[in-house]
Amino acid sequence: MATNTAESKAQEASGVRLARLVGRKISLFGLPGREALLLAAILAGAAALRLTLAARGWPYSNSDEANTGLMGIDILWHGARPAFTYGIHHVGALDAYLQVPFFLAFGPTNFAMHVTTGVLMLLFLFVLYLFTRAVYTPLVAGVTTLLLALGPYQELFYGLRAGHYAQDMLLLGALLLWLTFQRLRRPARAWARWTLDLGIGLAAGLALWGTILLLPFVLAAGLALSVEGARSWRARASKHHTWHLSGQALAVLAAATIGMLPLIISIGATHGAIFTEALQASEGAAPAGPLGGLAALGQQIAATFLIGLPLMLGSETICQHCALWPYPGSPLTLSQALPAALVGGMISLLVVVCWFIAAVPLARRAWQAFRPGALADPLSSLDRARAWGRAMLVIGGGLTILQYLSTRSSYAFSDTSIRYITSIYLCMPLIAEPLCQGARRLWRWASARGRGYAPARPRVIAWLAAGLLLALFAVHIGGAAQAVRESANTQRYGVPAGTRDTQLLAFLESHHLTRFYTSWWVCYRLMFDAQEQVSCAVVSNTNAFAPGFNPLPAYAAAVTSAPHPAYVFDLTTTEVNPAVPRQLTGLIASGDPRLAGYTSAIVNGYIVFYYASSQST
């Protein structure tokens, strides 16, 4: 009998060891096996969606994106080492360097650029899942990740488009939040603490080099580390501990300095001119008069909460044909503006309510902790780290919106400046958490009824939360479907270029028109599509003989030195004033010496003015 008992215990112990071993084998970053598989399935779905869109050439490549692609070509094959984006000296060149290995694998195409950005977005989703799981729960993390894996539309658009610093900003922001949380947990091993300090500093430095737009989350992380560092110093005010904390602070600052070294060098070289450039990029005409400042602020607040924030969260999927309002010079009547305003207002209201749901308990706890005579904080380091994780989302999200609405571009360019608040996707857990709580209460009630129990009916707020969560999923799925439908338009989309651009480049090549003047949105896009086999110079949208924005003078110099450069304009857009093609047509007809021997041709919506007496430029 005793022998059987001993054998049973040995078998049981062996089974426990085997179960632990199997559990370790199927775990990922400490995630249980089933959870790891679910996360892998979500990321696989996100990858499939983005790969499908990238293979179809969506989103369309514009000159902003092509500028980054041309930098990647120059880095890879021409020995260039840019620190900032061509012509934009306050936006780091990190995007271009990240393209290089993908250009080697796939060639310099739109597909390669979008694969790069897609990989960065998948890494962002993974890191944000780890952070959200640690700060909230696996349910909130899963819902957050699934929502962002599907969309919304603008998240897919800016998440795949290169040159708008969205992907590296989101990935570095998520890394900064996750590393800061891990550091606040106070790892027992010294090497882990030092590694986290260096990682936090490097993530913050690279983020600020890439774009100043991530400053709100850098400040939030810095506040969390500073407050917890001061708290630790007060608890153990010894000389050794003071030196220890000072060393860790220096490690963070040193790593941040390395990360943002190109920015620091540029600030010194330009005597701070890059700050002026950054401010000018966000400016627009403000109302005149003594109350102009207040009117401008009102416009910016209205545009932020009725256009900017709602667009980033899927308002155009809900109201696809709604006109933008408020918008500069908009002639809309109240009945025309009302649908967009109502949809935008409801989305922003949801965001603001969820933000307050997270912010109020944190503010109350901070008040209690810092008031005179407050008792010692009874929370463990893990609980404090989780509280700071939520606080970083609240602070970073709030400052991001304030930063955006304080700039004139939030109103003056309300349809295109929304990329400046891409980091708002880092705050998706703030929206998902209260909705998940309500949905979970409803699920428990339904499950109990299914087992024959008669629990109390959930409150209306639980039903509302569950309905809103389902609505969010519908909006995100609708955004993904909209992107897939759009990508079927091969005239505009395609790899390496859409049908229109392919036909235009074939025409230019057949007529040896490798040097030409054109508008900004055409110029760099065509150069990248042709892999720099053509060169163009940008001219004014109102005068074909006046220079426009030419980020890299070397490209423009190749055109101005050509004996008979062509002129190319897209007739399907409103970028160029229609009077410009008419002006050139009239000059050719009148025998103007500047265009002697020139003729014109229409190529799939483009008009090309070229020297016809010779087929060589």
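Here is a walk through several helices, salt bridges and surface patches of this structure. Keep in mind as you look that the model is predicted.

Let's begin with helix α2, which covers residues 33–55. With 23 residues at 1.5 Å a residue, this helix should span 33 Å, and its end C-alpha atoms are 32 Å apart, so the two values agree. Several of its residues are buried, including G33, A36, L39, I42 and L43. Further along α2, A46, L49, R50, L53 and A54 are buried too. After the helix comes G57, which has a positive phi, near 85°.

How buried or exposed are the two partners? E35 has a relative accessible area of 13%, and because buried means under 20%, E35 is buried. R133, at 26% relative accessibility, counts as partly exposed.

One joins D570 and R500, whose closest N and O atoms are 2.8 Å apart. D570 belongs to strand β5 (residues 566–570) and R500 to helix α21 (residues 499–510), so this bridge ties together parts that are 70 residues apart in sequence. Both D570 and R500 are buried. The other is formed by the side chains of R525 and D501, at 2.7 Å from N to O. Here again distant parts of the chain are linked, with R525 in helix α22 (residues 520–529) and D501 in helix α21, 24 residues apart. R525 and D501 are both buried.

Now turn to helix α16, residues 334–370, where you will find A337. A337 has 4% relative accessibility and therefore counts as buried. In sequence A337 is 14 residues from A323, and their C-alpha atoms are 6.6 Å apart in space. L342 is also placed in helix α16. Together with L334, L338 and M346, L342 forms a nonpolar patch on the surface, and the four have about 450 Å² of accessible area together.

R440, R441, R444 and R459 form a positive surface patch. One of these, R441, is found in helix α19 (residues 428–450). With 48% relative accessibility, R441 counts as partly exposed, because the exposed class starts over 50%.

How values were computed
Residues numbered from 1 in each chain as written. Predicted model: local features only at pLDDT ≥ 70, side-chain atom pairs only at ≥ 80, totals over all residues. Heavy atoms only, no water. Helix = DSSP H or I, 4+ residues; strand = E, 2+ residues; numbered from the N terminus. Expected span 1.5 Å × (residues − 1). Buried < 20%, exposed > 50% of the residue type's maximum accessible area, 1.4 Å probe, protein only. Patch = residues over 30% accessible without salt bridge, like charges linked within 9 Å, V, L, I, M, F, W, Y side chains within 5 Å. Areas by Shrake-Rupley, 256 points an atom, 1.4 Å probe, with all protein chains shown as cover. Lys, Arg positive; Asp, Glu negative; His and termini not counted. Charge placed at Lys NZ, Arg CZ, Asp CG, Glu CD.
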